[in-house]
Amino acid sequence: MTDTAAPEQPLTCRAYWTVEPGRGELRTAELPVPGPQDVLVRALRSGISRGTESLVHRGLVPARVHGRMRAPFQEGDFPGPVKYGYLSVGVVEQGPEDLVGRRVFGLHPHQDRYVVPASAVTPVPDDVPSDRAVLAGSVETAVNALWEAAPRLGDRVAVVGAGMIGACTAALLARFPLARLQLVDPQPSRGELAARLGVEHVLPEDAAGECDVVVHASSTAAGLARGLELLGDEGELIELSWYGDEDPAVPLGADFHARRLQIRASQVGAVAPARRARRTTADRLATALDALRDPRFDALLSGSSAFAELPATMARLAAGAPDVLCHVVDYDRSVPPTRGAPCSP
């Protein structure tokens, strides 16, 4: 009589889903068996990009952009049920030998374990903490914007909007040999953030004009209008904002044409044309992760909470938390069970 080995139990995972506008939950599912070119990743941290993910949570993604808004490993469709997110850091538990045991960043929704192609993850430098590494997606957007803007020695630059993308852009610009750099935001509390980034914070009415370049990231019509006012003649505004279901008025009257101002869109879905022939999206992400060796980026991290608390956390952030930039989801943190309630959703 021969022994028969018991079949291996399939691996399962838990993932966060927006099940309907205003409500999310954790769902359990089986993981696929990793193929020879895949990696099995155990999540350590993920990041909530409050602006975009609040729109998803509230069901406000416009129907006309549902396709363009899809995240790389999204499941479901807007407005829900949908599994969404794109800032994940984990450790490779199974896969190619050179990746096993390494921390990696990937554009994956909030999920405690996942299987993706090895080409979809990028190693995190050893000296970049996991919490900070979740910012890689936002810093990559800022890298692309600066490849678009191409600021020059001695330029006068303003970044309008001190949200996550604007703050990441300002942090990168702080390394440039500029004549002037201002972070423009109407919230006085952004002064502390700017100081930690090493840049000057000014209110919109106090911002200096005659800028060579303005990077706009406030997602407001007022911010866009002020950004155009700050430009010098023949200056250029790089538009980074995502407006959701709003169509902001763009002030193209008055002296817009006489001053030969320019507005150029920057979108992270493709490498900026100025670098596209010589850089891949993988190169761009590696550049962002290398930039995150700088501890000033810790100023963008606005607290953390356990993965098990994510449904309540997402609802709280979407309800309005103006000082939150990137909230970190911690997959290692346990939550004490509530008496009479299950330990997990």
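**Sheet, helices and aromatic pairs in a predicted model**

Helix α4 (residues 164-173) lies across β10 (156-160), β11 and β13, and runs at about 160° to β10. Helices (H or I, at least four residues) and strands (E, at least two) are DSSP runs, numbered from the N terminus. Axes are lines fitted to C-alpha atoms, for helices over the stretch in contact, with angles from 0 to 180 degrees between N-to-C directions. The model is predicted, with local features requiring pLDDT of at least 70 and side-chain atom pairs pLDDT 80 or more, while totals for chains, interfaces and linings use all residues. Residues are numbered from 1 along each chain as its sequence is written, and side-chain values use heavy atoms, without hydrogens and water.

The strands named above belong to an open sheet of 6 strands, ordered β12-β11-β10-β13-β14-β15 with parallel pairing; two strands pair if DSSP finds at least two bridges between them. At the edges stand β12 (200-202) and β15 (262-265), each with a single partner strand, so one side of each has no neighbour in the sheet. On average, neighbouring strands of this sheet are turned by 25° against each other, direction ignored. Helix α3 (residues 136-149) also packs on the sheet, where it touches β13 (211-216), β14 (231-239) and β15, contact being heavy atoms within 4.5 Å. The direction of α3 makes about 150° with that of β14.

Turning to the rings, the structure holds 3 aromatic pairs. Rings of Phe, Tyr and Trp (its six-membered ring) pair if their centres lie within 6.5 Å; planes under 30 degrees apart count as stacked, over 60 as edge-to-face and the rest as tilted. F307 and Y331, by contrast, are stacked, with 4.6 Å centre to centre and 25° between the planes. F307 lies in the loop between β16 (301-306) and α8 (310-319) and Y331 in the segment after β17 (326-330), so their pair ties together parts 24 residues apart in sequence. F307 is buried at 4% relative accessibility, and Y331 is buried at 14%.

Notes:
Buried < 20%, exposed > 50% of the residue type's maximum accessible area, 1.4 Å probe, protein only.
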